[in-house]
Every structure is written in structure tokens, then in C-alpha cells.
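Colleague: I have just opened this entry and would like a friendly walk through it. Could we take it one question at a time?

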Amino acid sequence: MPTRLLLLLCLTGHVFAREPPDVDCLVVHLKYVHCSWDKQGTPEVNYTFYGWFHTEKSKEFIECLTYLSENNVNTGCNLPFKDSQRFSRFNTKLVHGNQTSQKEYDLKTKVKLNPPTSVTVRNGSDSNLWLKWSQIKSSCVESEVRYRVNNRKWATYHVRIGEQNYCVNLPSSSSRYELQVRSRLGEECGLSIFWSNWSEPVFWGSNNSTDTNQMASSTSVWTTVLYVVGAFILMLLVMMLLHHERIRIIFIPVVPKPSPNLHNIEDWFQFPKGHKESFNYNERPCLVREYCHVSQSDGEDCSAFSPENESDLSTSCSSSSSSSSSSSNSSTEEEMVSV
């Protein structure tokens, strides 16, 4: 029994001896201060939270009226806030029984705005795309705009303090634009380290645009169809060539350049074998002879042209024979007249 009591005292002492968790505070949209103490998990006990600003006349801590809880255990608190208090020191106190934890904060750089509202996009009269939005304290707020075309990679651009619009130059009407904007307090009003969340996206452009996956699947389907059609046409051509011997693909040859050593015109052209054999280049030549006119007085001195060899005599043409016969007839008539 004493052992059990000792163990119980040790365990309860360990629980009560545990230090309170750290408190983290943030100004939300310049409306309230949100403090939480559940970063290391849900606490095992319910803590009481107190907070106050140094500008207040009363230096007493104000107990939280709006707790945030999880499984009936307090995990955070929202305190009212005035913009004039942002540059003052903020003090917190977390209490459970005899345990107390106090901490001081500088909330000037810990402001997180809500996402911009009234975000619209339209095509202006200058043919540019205009994005507009609304945000509190516009004279203190800087913004970032991001957009993407046809669900591709985001492109992000900075917007100067005081401006609540952005221009996309000469957009393509055949593309689909998706735009978002976020804001934070700028240098003029104490630069915040926290950006707001991105606004809800707005869209402009062709409704026929699809995301990358759909475009890729559509492309793959058309590629498959083209492959099938191409294979079918190729098979059809092969079958036609195999079953119809008369089908020929005739290519017009390039006119060759004559060679200076070319002696045969046949070498200029590439005739089919059948056509080449049909040409006959072995015809016998016909020799043409000329005879001089011989008078009777010079009959023995002037003789007709005679061939140089016997082959010329054997290959004489009818033209030479007719000329000889006409000459003999003429001499016979002259003899008869003289008689």
C-alpha cells in the first residue's frame, strides 16, 4: 500500500510540475488577436488565458472571453484588437492552479490579413486583361498576383503598395487564364512577415481549354488512330504489289549530263532491257557515187570513178546502176544518129 501511494504521488507531482506550453499570438485582419498554445499537442489540462496591451490605462490582465477548444480542452483564445494597439507591446499569461507562464510580444510584424475580396477579371477596351480586387487599408497593403495559362506553371508578380489591380498584356482568347491574388501589410505601415491566403481563383478565356491530362489523353488517342490508319494503308499497298504484277511505280529519271567522252547516245539513257534490244543499229550503209561526164574523145583518158576496193563494188546501190545504164543508152542513140 505505501508503494502505491508513493507511485501515485510521483505521477501527480510530475503532472503538476510540468511547465505550461508556449503561447503563440497573431493579429488577424486587424480585428482580433489570436493566441494558441497547442503547437506541441493538445494540453492535458485546461489553462486560463489573460492578455493586455501596454497602452491601456489599466495594467491588469483581461481574462479571455472567447476560448478555442478541442475535446473540451482549451487550446486558444481570441481577444479584441484595435489598430492603434498594433505598435504596442502585448503581454500574455497562462495559468493552471499554482503554475503561471507570462510572455511579451511585438505584434507589429505579426499581422495576417484575410484573402482579398471582390476579385474580378475582364478584358478591357485596350485589349488587355484586367484583374481587380478589394482589401482593407489599401494605402498600407502590397499584393502579389499569380496566374497560369491552360493549367501550366504559375507565374507570380508583385503589385506595389496602394494598387489593387493588375494588367495581363494582350491575352490569347484561345487560352484559359486562371488568376489569384494575396496581400500583406507593407513597409509604410510596418511590414508583416505573413501573407494572406490566396483568393479564390477567377477564370477568363476559352471554355474549350482542358487540363494537361485531358489534352495528353486526347493526343494519345489521335496518335493511336493515325498509327492504325497508316498501318492499314501500308498493308493495302503491299497486297496490291504482290497480286498485281502490272502495277509499277515509274520514277522520271534525272536528265544526265553528257560526258565529253560519250560516243554512243545509248549511254545517255537507261532504257529498259526489252526496249534496248528492239533498237537495230546494224543496217548496211548505202554508198553514193558520183560520176564525171565523159565525152567520146576522152573516153579512154577519163574514166568513171572506180571504187578503191572490191567491197565497194559488191555493195553498190541501185542508184549507181541506173546512172550507168542511162549513160550507155545515151551513147547508143548518138551512134545511130551519126549513121
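Colleague: Which residues form one aromatic cluster?

Modeller: Happy to start there, with the reminder that this is a predicted model. The structure holds eight aromatic pairs. The cluster is made up of Tyr147, Tyr157, Tyr166, Tyr177 and Trp204.

Colleague: And Trp52 with Phe61: what is the angle between the planes of that aromatic pair?

Modeller: The ring centres of Trp52 and Phe61 are 5.6 Å apart. Planes over 60 degrees apart count as edge-to-face. Trp52 and Phe61 do form an edge-to-face pair, and the angle between their planes is 90 degrees.

Colleague: Is Phe61 buried or partly exposed?

Modeller: Buried means under 20% relative accessible area. Phe61 has a relative accessible area of 24%, so its class is partly exposed.

Colleague: What kind of pair do the rings of Phe53 and Phe81 make?

Modeller: Their centres lie 6.0 Å apart, and their planes stand at 55 degrees, so the pair is tilted. Phe53 belongs to strand β3, while Phe81 lies in the loop between β6 and β7, 28 residues apart. Phe53 is buried at 3% relative accessibility, and Phe81 is buried too, at 8%. To end on the word you asked for, the pair of Phe53 and Phe81 is tilted.

Colleague: Let us turn to strand β7. Is Asn91 buried or exposed?

Modeller: Asn91 is found in strand β7, which covers residues 89–96. The limit for buried is under 20% relative accessible area. Asn91 has 11%, so the answer is buried.

Colleague: Which ring does the charged end of Lys93 sit over?

Modeller: Lys93 has Gln102 as its bridge partner in β8. The charged end of Lys93 is 5.2 Å from the centre of the ring in question, which belongs to Tyr50.

Colleague: How far is the charged end of Arg146 from the centre of the ring of Trp154?

Modeller: A charge counts as sitting over a ring only within 6 Å of the ring centre. Arg146 has its charged end over the ring of Trp154, and the distance to the centre is 4.2 Å.

Colleague: In the hairpin of β7 and β8, which residue takes a positive phi?

Modeller: β7 and β8 pair in the antiparallel sense over eight bridges. The hairpin has two residues between the strands. A phi near 65 degrees is taken there by Gly97.

Colleague: On to the disulfides. What pattern do they follow along the chain?

Modeller: The structure holds three disulfides. They are Cys25 with Cys35, Cys64 with Cys77, and Cys140 with Cys189. Counting bonded cysteines along the chain, the pattern is 1-2, 3-4, 5-6.

Colleague: How many residues apart in sequence are the parts tied together by Cys25 and Cys35?

Modeller: The sulfur atoms of Cys25 and Cys35 are 2.1 Å apart. Cys25 is buried at 2% relative accessibility, and Cys35 is buried at 0%. Cys25 lies in strand β1 and Cys35 in strand β2, so the parts they tie together are 10 residues apart.

Colleague: Is the disulfide of Cys64 and Cys77 right-handed or left-handed?

Modeller: The sulfur atoms of Cys64 and Cys77 are 1.8 Å apart. Cys64 lies in the loop between β4 and β5, and Cys77 in strand β6. The torsion about their S-S bond is about 110 degrees, so the disulfide is right-handed.

Colleague: And what is the torsion about the S-S bond of Cys140 and Cys189?

Modeller: Cys140 lies in the loop between β11 and β12 and Cys189 in the loop between β15 and β16, so the pair ties together parts that are 49 residues apart in sequence. Both cysteines, Cys140 and Cys189, are buried. Their disulfide is left-handed, with a torsion of about -50 degrees.

Conventions. Residues numbered from 1 in each chain as written. Predicted model: local features only at pLDDT ≥ 70, side-chain atom pairs only at ≥ 80, totals over all residues. Heavy atoms only, no water. Helix = DSSP H or I, 4+ residues; strand = E, 2+ residues; numbered from the N terminus. Buried < 20%, exposed > 50% of the residue type's maximum accessible area, 1.4 Å probe, protein only. Phe/Tyr/Trp six-rings, centres within 6.5 Å; stacked < 30°, edge-to-face > 60°. Lys NZ or Arg CZ within 6 Å of the ring centre and 35° of its normal. Disulfide = S-S within 2.5 Å. Pairing = 2+ DSSP bridges.
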